[in-house]
Each structure stands twice: as structure tokens, then as C-alpha cells.
Amino acid sequence: LQAALLQRVARQLASSGRKAIALLLHKCTPSPRCIDKSNMGYFSSSDAAPEPQYKLLASLFPESWPAPLSNLFCGLLLLLTILEGMRRLKTATTPTTERVTRQTKGKVSEFNAFQREYLAVYLVIMLADWLQGTNMYTLYSGYGVSVSTLFLTGFSSSLVFGTFVGLLVDAYGRKRACVLFCLLEIAINAMEHVPSMPILLLGRVLGGISTSLLFSAFESWMVAEHRRRGFPEAWLAKTFGLSSAGNGAVAVVAGLLAQVAADIKGDIGPFQLAIALTVLALVLILRWPENYGKTSDGVLNSVSSSLSTATNAVKSDRRVALLAAVSALFEGATYTFVFMWVPRLIAIYPFEGGLPTGLIFASFMVCITIGGVIYSALGMDAAVESYSFICLLAAFGAMALCALGAPSSIMPCLLPALGDFGPTLAAFLVLESCVGCFNACAGTMRSRYIPEDVQAAVMNLGRVPLNLLVVGGTYLSDAAPAQVAFSAVALAFLGGAALQAALVPVKRD
């Protein structure tokens with residue numbers, strides 16, 4: 001009787017045009033063949049589903065998404081909410097040691113406005129960047145072109161062109177570099193519409209240049225402007241913490257928006273949305289003031305001078321050299337993992353249908369946000385070197401577990417149970433949490449160790465070994481068995497931890 005009443009209400013709602021509510025009620029209605037009268041309405045064993053279908057907020061997820069993965073995403077969101085609430089409570093109840101004056105209050109208000117100005121641009125840019133990553137693999141596969149060749153071209157371009165292009169940022173202006181980045185991204189995303197290998201290769205070459213600008217120009221502008229306006233150095237950690245947490249948050253949104261855009265426009269949809277967001281960021285950047293590092297006359301002189309200054313900065317300060325090496329190993333291993341996780345999970349996916357990459361990607365991004373929130377909640381800037389060491393060890397442990405459980409043609413699988421979908425996905429989530437935490441830690445250390453006037457030059461000089469590692473790692477992940485590839489990634493994290501340990505006892509000035 002209850003089922004019949006619900007079906008009747010659903011039909012009435014459908015006739016009045018409320019299709020979404022009708023569909024929801026219809027899904028909640030048990031069909032007559034599934035009702036076991038002897039069991040008072042429970043599903044009979046013959047009609048039971050092979051896996052539990054209960055989902056948290058079930059109406060928000062497509063039926064093709066498995067219940068365990070949907071519940072995992074909701075659980076991660078709940079954990080993030082709890083951690084963020086604890087962080088805010090700690091911030092509200094922690095007594096400040098600064099003397100509160102009218103001038104200090106004015107500085108706080110001015111700093112908050114500056115922080116919003118920077119984060120508005122940074123988060124829009126990162127949202128557009130994450131949108132491109134969600135469907136790039138499937139877009140290129142649909143075009144019938146070599147995905148690994150395009151990825152290797154992008155990383156090689158960043159190695160060859162990105163280094164000296166980034167060295168010009170300090171000399172010719174950080175704002176101009178940010179504007180150039182936006183123009184390049186608009187052109188690159190337009191090229192993604194053309195299913196031609198030469199056009200796509202050109203887009204990857206330009207992408208290597210824009211990537212170098214993304215990870216140097218914006219942060220360099222923020223640090224220089226922060227100091228030019230006379231804000232305390234300790235406040236930089238707040239901006240880096242919010243940037244890392246916000247980056248994870250917009251990445252979660254990017255996964256959902258990309259899925260909607262792909263449903264409407266196909267795999268090219270997310271790239272079209274990225275163009276619109278990049279145009280918005282460009283308009284906001286045009287309101288920024290310009291700032292510079294050290295300048296010299298002429299393009300060649302600028303490159304030579306910036307390269308020489310960056311090299312001298314690395315040679316003169318042991319901490320800068322160590323930080324550059326640690327960042328290169330961590331980011332190189334992370335970029336290699338980005339190329340590996342989709343084929344690995346597809347190979348061990350236990351549910352019916354295709355792998356819901358958007359949902360898993362969104363779960364990864366929630367973990368990155370959790371890492372950023374943990375950084376802020378624990379006040380890691382006070383002992384940032386030690387916390388960075390812990391992050392690197394945790395990342396090594398996660399990838400070591402994947403290596404132990406992955407199949408290999410060279411040697412037998414050591415612990416087959418670790419190669420199942422559940423343990424592998426759990427290790428991936430731990431790694432992504434380490435990424436969110438380490439990004440904030442590395443930003444804080446860069447602001448303390450690297451001279452502000454050559455920060456962009458030093459950061460791009462450090463991308464030379466990074467891109468060499470990424471090119472090698474991408475080739476390895478495509479040519480070697482999964483066990484070998486995961487072992488190489490784990491060793492990169494372990495090497496970074498060993499170098500980071502040398503930074504821990506070094507006292508800051």
C-alpha cells in the first residue's frame with residue numbers, strides 16, 4: 001500500500017512538471033517484485049544487490065557511482081568540516097601576544113583586503129587549471145593521439161623553455177608575467193579543440209611555459225607586495241595556509257564542475273569553462289600594481305643576470321640549495337603519480353561500470369584541503385622544517401605500500417592484499433593529504449630562505465631538476481611495471497626526506 005501511494009504521488013508530481021522530485025520518490029519506492037511479504041518488506045535474497053546501495057545524500061549522486069566511493073567522499077567532507085571547525089575554534093580562543101593598537105588594527109584590515117585581492121585571482125586561476133586536468137587524458141584518448149607523447153612534450157617544454165622564461169619574471173615585472181600566463185592559457189585551451197597532433201603538441205609546448213609562470217609569477221608578486229606594504233613576515237604563513245587549503249577546495253569544485261561540463265559538452269567542456277575563468281582572472285589581475293626584482297638592460301643580459309644571481313643565491317645559502325632539491329624530488333614524484341593513478345585504479349576497479357574519475361579526483365582534492373587545514377590548525381610555521389620531514393616520510397610510506405602490492409613481471413607481488421582497490425585508494429588519499437600540507441610548508445620555507453628580489457629566478461632554476469625527474473618518471477610509468485614505477489616514486493620521497501632532515505637542525509636567522 002505504501003509503495004502504491006508513493007508511486008501515485010510521483011505520477012502526480014511528474015504531471016505537474018516536478019520531474020526531479022518525482023524521480024527521487026520513484027527511486028525510493030520499492031518495486032512489488034522486490035518485496036518479500038514473509039519478511040515484512042525486506043528484500044529477498046534472490047533480489048538483493050551485490051553491494052549495499054545506501055549512499056549519504058544519495059539524491060546528489062548518479063546511480064553509476066558506487067555507494068562505497070560516494071560515502072567515502074561524504075566522509076572526507078565531514079572530516080574536513082570538523083577539522084576546519086576545530087581550527088577556527090583554536091584561532092578564536094588563542095590569546096594574541098601582539099600589542100593591539102589602532103595602527104595594528106588598521107594594518108590587519110589592510111592585510112585582509114590585500115589577502116582577498118590575491119586569493120581571488122589565485123583561486124580562480126587554480127580552478128581553471130584543475131578543470132583542464134580532469135578530462136585531459138580522456139580527451140586525448142578520444143582524439144586517438146599518443147597521450148604519453150603529449151605529456152612528455154609538456155614536461156620537456158617546461159624544462160627547456162620554462163626555465164629562462166621564468167627568469168625574466170623578476171626583471172620585467174611579476175604582474176606582466178601573470179597577464180602573459182592568462183593569455184597563454186586562453187590560447188592553449190583553444191588549441192585543445194583541434195584534434196590534430198601538431199596543434200596539440202604546440203599547445204603542450206606553450207603549456208610548459210605557462211606552467212613555469214604559474215608556479216613562480218603569482219607567488220613572487222604576492223610576497224613582494226606583502227613586504228612592500230609593510231606587513232609582518234609572520235603573516236605570510238597565513239596567506240600560504242589559506243592558499244593551500246583554498247587550492248584543495250577549488251579543486252574539489254573543479255571535479256564536480258568538470259563532470260557537469262563534460263556531461264553537457266563532452267570532454268572538451270571543462271576546457272571551455274577554463275577559458276571563461278581565465279578571462280575573469282585576467283580582468284582582476286589588471287587591477288594589481290606592478291613589482292619587480294633585480295633588473296638589467298636587454299633580454300640576454302636579464303636572463304644571464306637572473307641566472308647568475310639565482311645560482312649565487314643557491315651557492316651562498318645551503319638552505320636554499322636543500323630546499324630546491326627537496327621541492328624538486330617531492331613535486332617530481334607527485335607529477336609522476338598524477339600520470340599513474342588513473343590506469344592503476346582502472347586495472348583493479350572492483351565495481352560494475354567505468355571508474356568514476358571525477359568522484360575520485362574530488363576525493364583527492366578534499367584530502368589536499370585537509371592537509372592545508374592541518375597545517376594552519378597545528379601552527380606548523382613554528383617548526384615548518386620538522387613537519388615537512390614528517391610529510392615526506394608519510395608520502396614515502398604510502399607509495400611503498402602501493403609498490404609492495406603492485407604486480408610486476410620482474411619479481412612476484414610481495415603483499416597481494418595491499419594491491420586491492422581499497423588499500424591502494426587509501427594510500428593515494430594519504431599521499432594527497434601530504435601534498436596539501438607540504439605545499440604550505442614549502443611556501444613558508446621559500447619566503448624565509450630565498451631573497452625576495454630573486455625569488456622567481458631561484459624557483460624556476462629549481463624547476464630544471466624537477467622537469468628532468470618528471471620526464472624520466474613519466475616515461476618510467478608508461479614503460480615499466482607498476483611495482484617498479486611506484487618504487488621509484490617512493491624512493492624519490494625518501495630521498496627528499498633525507499635532504500629535508502638536513503634542514504631540521506638548521507636554525508633560522
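Student: What makes Leu-78, Ile-82 and Met-86 a nonpolar surface patch?

Tutor: These three residues make a nonpolar patch of about 310 Å². A patch takes residues with over 30% relative accessible area and no salt bridge; nonpolar side chains (Val, Leu, Ile, Met, Phe, Trp, Tyr) are joined within 5 Å, like charges within 9 Å. A salt bridge puts a side-chain nitrogen of Lys or Arg within 4 Å of a carboxyl oxygen of Asp or Glu. Areas come from the Shrake-Rupley method with a 1.4 Å probe, and for residues only the protein chains shown count as cover.

Tutor: A word on the source: this is a predicted model, where local features need pLDDT of at least 70 and side-chain atom pairs count only at pLDDT 80 or more, while totals for chains, interfaces and linings use all residues. Residues are numbered from 1 along each chain as its sequence is written, and side-chain values use heavy atoms, leaving out hydrogens and water.

Student: Why is Leu-78 called exposed?

Tutor: Its relative accessible area is 53%. Exposed means over 50%, buried under 20%, partly exposed in between (1.4 Å probe, protein chains only). So Leu-78 is exposed. Leu-78 is found in helix α3 (residues 67–93). Helices are DSSP runs (H or I, at least four residues), strands likewise (E, at least two), numbered from the N terminus. The chain has 19 helices and 0 strands.

Student: How much of the chain is buried?

Tutor: 48% of its 509 residues.

Student: How many aromatic pairs are there, and what makes Trp-221 and Trp-288 a stacked one?

Tutor: Rings of Phe, Tyr and Trp (its six-membered ring) pair if their centres lie within 6.5 Å; planes under 30 degrees apart are stacked, over 60 edge-to-face, the rest tilted. The count comes to 22 aromatic pairs. For Trp-221 and Trp-288 the centres are 3.8 Å apart and the planes at 10°, so this pair is stacked. It links distant parts of the chain: Trp-221 in helix α9 (residues 217–228), Trp-288 in the loop between α11 (269–285) and α12 (299–316), 67 residues apart. Both Trp-221 and Trp-288 are buried.

Student: How do you know what kind of pair Tyr-349 and Phe-421 form?

Tutor: Their centres are 5.7 Å apart, with 75° between the planes: edge-to-face. Tyr-349 sits in the loop between α13 (318–348) and α14 (357–377), and Phe-421 in helix α16 (residues 421–449), 72 residues apart.

Student: Why do Tyr-349 and Phe-421 count as buried?

Tutor: Tyr-349 has a relative accessible area of 14%, so it is buried. Phe-421 is at 8%, so Phe-421 is buried too.
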